Amino acid sequence: MQDNLTREIPLVPAQSAILFIDVQNFSARRDGGEFHDVPEDEMEARYGFYFDRLEKVAMPNMRKLQAGFRAAGIEVMYTTIESLTLDGRDRSLDYKITGFNVPRGSWDGKVVDELAPGEDEIVLPKSSSSVFVSTHIDYVLRNLAVRQLVLCGLLTDQCVESAVRDACDLGYLVTLVPDACGTYTQERHDFSLRAIKGYCRQISTDDLLAEIAG
């Protein structure tokens, strides 16, 4: 019966994975490449909220999720903005217009030290907003027998939201962890959560950790 279908399904560890989106030096460090052209006297006004949320809320929660999912034996994965070339000629047109180029192998393309991947954890470089467009993540997830995908990271209303929509359309049950995500303003964060509510289950870090521990 179709009436019983729901997104509100607890994670089954053997068919689940968590993906940390773009938590990298380029976009999660004040000295990252995304902010190189921002005058020092404008930094706080333009990005003060973002870095405050990242440092006090999103990053601590992502670290808790990373530890909890590792302990539960659930697949932990990462995606970062990083070109396949040094000059970024393979980037999406949108990234070219925006001016984003994270050269292959660069410091900007690395996951931040606080969330450093384990030696056998998968990191997928992408050159578009959605990880499902510019990487083979769908192929990888299906090889891993993943049906339930947990998403968190940066930015809530851009790359995270894109991944939520695409994962949903590809047939995954998506869980979003809002308090492990961040964007430039509270308004943008809240608007995005409302906009994608119909595509995913939304649950707090602590509640999700309790779920996988139980």
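Predicted model: local features only at pLDDT ≥ 70, side-chain atom pairs only at ≥ 80, totals over all residues.
## The nonpolar core

The largest nonpolar core has 65 residues, and the members that touch the most others in it are Phe-20, Met-62, Leu-65 and Phe-69. Helix H2, which spans residues 40-71, gives the most to this core, with 10 residues. In soluble globular proteins, nonpolar side chains tend to be buried together.

Met-62 shows what such touching looks like in detail. Leaving out residues up to four places away in sequence, Met-62 touches Phe-20, Val-23, Leu-54, Leu-115, Cys-152, Gly-153 and Ala-180.

## Asn-61 in helix H2

Asn-61 is also found in helix H2. Its relative accessible area is 11%, and since buried means under 20%, Asn-61 counts as buried. When neighbours within four places in sequence are set aside, Asn-61 is in contact with Asp-179, Ala-180 and Thr-205. Ala-180 is also one of the residues that Met-62 touches.

## The two faces of helix H7

Helix H7 covers residues 186-195, and His-189, Ser-192 and Leu-193 are buried in it. Viewed down the axis of H7, the buried residues fall within an arc of 100°, so they line one face of the helix. An α-helix has 3.6 residues a turn, so residues three or four places apart point the same way.

The face of H7 turned away from the buried side carries Glu-187, Phe-191 and Arg-194, which are exposed. On the buried side, the residues of H7 pack against H2, helix H6 (156-169), strand S5 (173-182) and strand S6 (201-202).

## Aromatic pairs

There are 10 aromatic pairs in the structure. In one of them, the rings of Phe-20 and Tyr-78 have centres 5.6 Å apart and planes at 25°, so this pair is stacked. Phe-20 belongs to strand S1 (residues 16-21) and Tyr-78 to strand S2 (residues 75-81), so the pair ties together parts that are 58 residues apart in sequence. Phe-20 is buried, with a relative accessible area of 1%, and Tyr-78 counts as buried at 1% relative accessibility.

A tilted pair is formed by Phe-132 and Tyr-172, with 6.1 Å centre to centre and 40° between the planes. This pair links distant parts of the chain, as Phe-132 is in helix H4 and Tyr-172 is in the loop between H6 and S5, 40 residues apart. Both Phe-132 and Tyr-172 are buried. Elsewhere, ring pairs join Phe-35, Tyr-47, Tyr-50, Phe-51 and Tyr-184 into a cluster.

## Val-133, an exposed residue

Val-133 lies in helix H4, residues 131-134. With a relative accessible area of 62%, Val-133 is exposed, whereas Phe-132 in helix H4 is buried.

Apart from neighbours within four places in sequence, Val-133 is in contact with Ser-128 and Asp-166. Val-133 and Asp-87 are 46 residues apart along the chain, and their C-alpha atoms are separated by 20 Å.

## The largest pocket

The volume of the largest pocket is about 250 Å³. Its lining is made up of 19 residues, and those nearest its centre are Glu-34, Phe-100, Leu-155, Gln-158 and Tyr-184. H2, helix H3 (93-98) and H6 are the elements that give two or more residues to this lining.

Some of these names have come up before. H6 is among the elements that the buried residues of H7 pack against.

Technical notes: Residues numbered from 1 in each chain as written. Heavy atoms only, no water. Core = buried A, V, L, I, M, F, W, Y, C linked by side-chain atoms within 4.5 Å. Buried < 20%, exposed > 50% of the residue type's maximum accessible area, 1.4 Å probe, protein only. Helix = DSSP H or I, 4+ residues; strand = E, 2+ residues; numbered from the N terminus. Contact = heavy atoms within 4.5 Å. Arc of directions from axis to C-beta. Phe/Tyr/Trp six-rings, centres within 6.5 Å; stacked < 30°, edge-to-face > 60°. 1 Å grid on protein atoms, 1.4 Å probe; cavity = no way out; pocket = protein on both sides within 12 Å on 5 of 7 lines; lining within 4 Å. Points joined across faces, edges and corners; volume = space filled by probe spheres on them.
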